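Reader: Hello! I have just opened this entry and would like a friendly walk through it. Could you take me through it step by step?

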Amino acid sequence: LHVSTRERASIVTEFHSVISDVLGKPSCLIDIGCGYHPMTFPFKDTITRYVALEQNADACETLEVFAPLAAPSELVPVCGDLVNAEVSEFLPPGVDRYDAAFMFKLIPVVARAEPDALQALANVPAETLVITASKEAMTRNQDVSRREDRSLRSFAELAGRSEMSRFDVGNEFGYFLV
């Protein structure tokens, strides 16, 4: 598993519980830069359509193989550029926005590597954005929470979103933005 997925493994049930406590049972969501996260998602009776957008071809191939196991939910793996994808084309017919967009540990990475791409992420058509960051650097034991929090808050401002609530689970913290 990817380091980010491994890092969340011991608290994955709590992590998903925190998210479902706020979101309830969304009908349609998109997970941008999902990696292998969909393989840990509790699909049973929780969602109708889960769009998994990932640029890594190996992860996409794995999600394609895994997708039938998510039934009756529809897991839609999409291999493509995380920022330039036309995400609205994966919405069900007659639906104009996702109930939620997951951007787990994505915003700080994009802010450092490709800051001009943040606007495309800010424009994702979703009722609620769920954005997270790490408290400690994944490669060494260094507290990066203040830096990462600034990145998340700057993104919320760029997106014109307000903070509905903040959460903190394991080495990860984040915001629900509306």
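Author: Gladly! Two strands count as paired here if DSSP finds at least two bridges between them. Please keep in mind that this is a predicted model.

Reader: Then over how many bridges do β1 and β2 pair?
Author: Strand β1 covers residues 28-32 and strand β2 covers residues 49-54.

Reader: In what order do the strands of the open sheet lie?
Author: Seven strands make up this open sheet, and their pairing is mixed. β3 (74-79) and β6 (163-169) each have a single partner strand, so they stand at the edges, with one side of each left without a neighbour in the sheet. From one strand to the next, the twist averages 15°. The order is β3-β2-β1-β4-β5-β7-β6.

Reader: Which residue is the bridge partner of Arg 49 in β3?
Author: β2 and β3 pair in the parallel sense, over six bridges. Arg 49 is in β2, and its bridge partner in β3 is Glu 74.

Reader: Are the residues of β2 buried or exposed?
Author: In a regular strand, side chains alternate between the two faces of the sheet. On one side of β2 are Arg 49, Val 51 and Leu 53, and on the other are Tyr 50, Ala 52 and Glu 54. Both faces are covered. Six of the six residues of β2 are therefore counted under 20% relative accessible area, that is, buried.

Reader: Which strands do the buried residues of α3 pack against?
Author: In α3 (residues 57-66), the buried residues are Ala 59, Cys 60, Leu 63 and Phe 66. They cover an arc of only 120° around the axis, which puts them on the same side of α3. The face turned away from this buried side carries the exposed residues Asp 58, Glu 61 and Val 65. The buried residues pack against β2 and β3.

Reader: Which residue caps the N-terminal end of α3?
Author: Look for a side-chain oxygen that lies 2.9 Å from the backbone nitrogen of Asp 58. The capping residue that supplies this oxygen is Asn 56.

Reader: Is Ser 73 buried or exposed?
Author: Ser 73 sits in the loop between α3 and β3. Leaving out residues up to four places away in sequence, Ser 73 touches Phe 43, Ile 47 and Thr 48. A polar atom of its side chain lies 2.6 Å from the backbone oxygen of Ile 47. Because its relative accessibility is 6%, Ser 73 counts as buried.

Reader: How many residues are in the largest nonpolar core?
Author: Ile 32, Tyr 98, Met 103, Leu 121, Ile 131 and Phe 155 touch the most other members of this core. Ile 32, for one, has contacts that include Leu 53, Leu 82 and Val 124. A second, separate core has 23 residues, among them Tyr 50, Leu 63, Leu 75 and Phe 102. The number of residues in the largest core is 34.

Reader: At about what angle does α6 run to β7?
Author: Helix α6 (residues 145-159) lies across β4 (98-103), β5 (126-134), β6 and β7 (172-177). Its angle to β7 is about 15°.

Terms used
Residues are numbered from 1 along each chain as its sequence is written. This is a predicted model: local features need pLDDT of at least 70, side-chain atom pairs count only at pLDDT 80 or more; totals for chains, interfaces and linings use all residues. Side-chain values use heavy atoms; hydrogens and water are left out. Helices (H or I, at least four residues) and strands (E, at least two) are DSSP runs, numbered from the N terminus. Axes are lines fitted to C-alpha atoms, for helices over the stretch in contact, and angles run from 0 to 180 degrees between N-to-C directions. Contact means heavy atoms within 4.5 Å. A nonpolar core is a set of buried Ala, Val, Leu, Ile, Met, Phe, Trp, Tyr and Cys residues joined through side-chain atoms within 4.5 Å. Buried means under 20% relative accessible area, exposed over 50%, partly exposed in between (1.4 Å probe, protein chains only). The arc is that of the directions from the helix axis to the C-beta atoms. A polar contact is a pair of N or O atoms within 3.5 Å; within protein, one must be able to donate a hydrogen and the other to accept it, and residues adjacent in sequence count only if both atoms are side-chain atoms.
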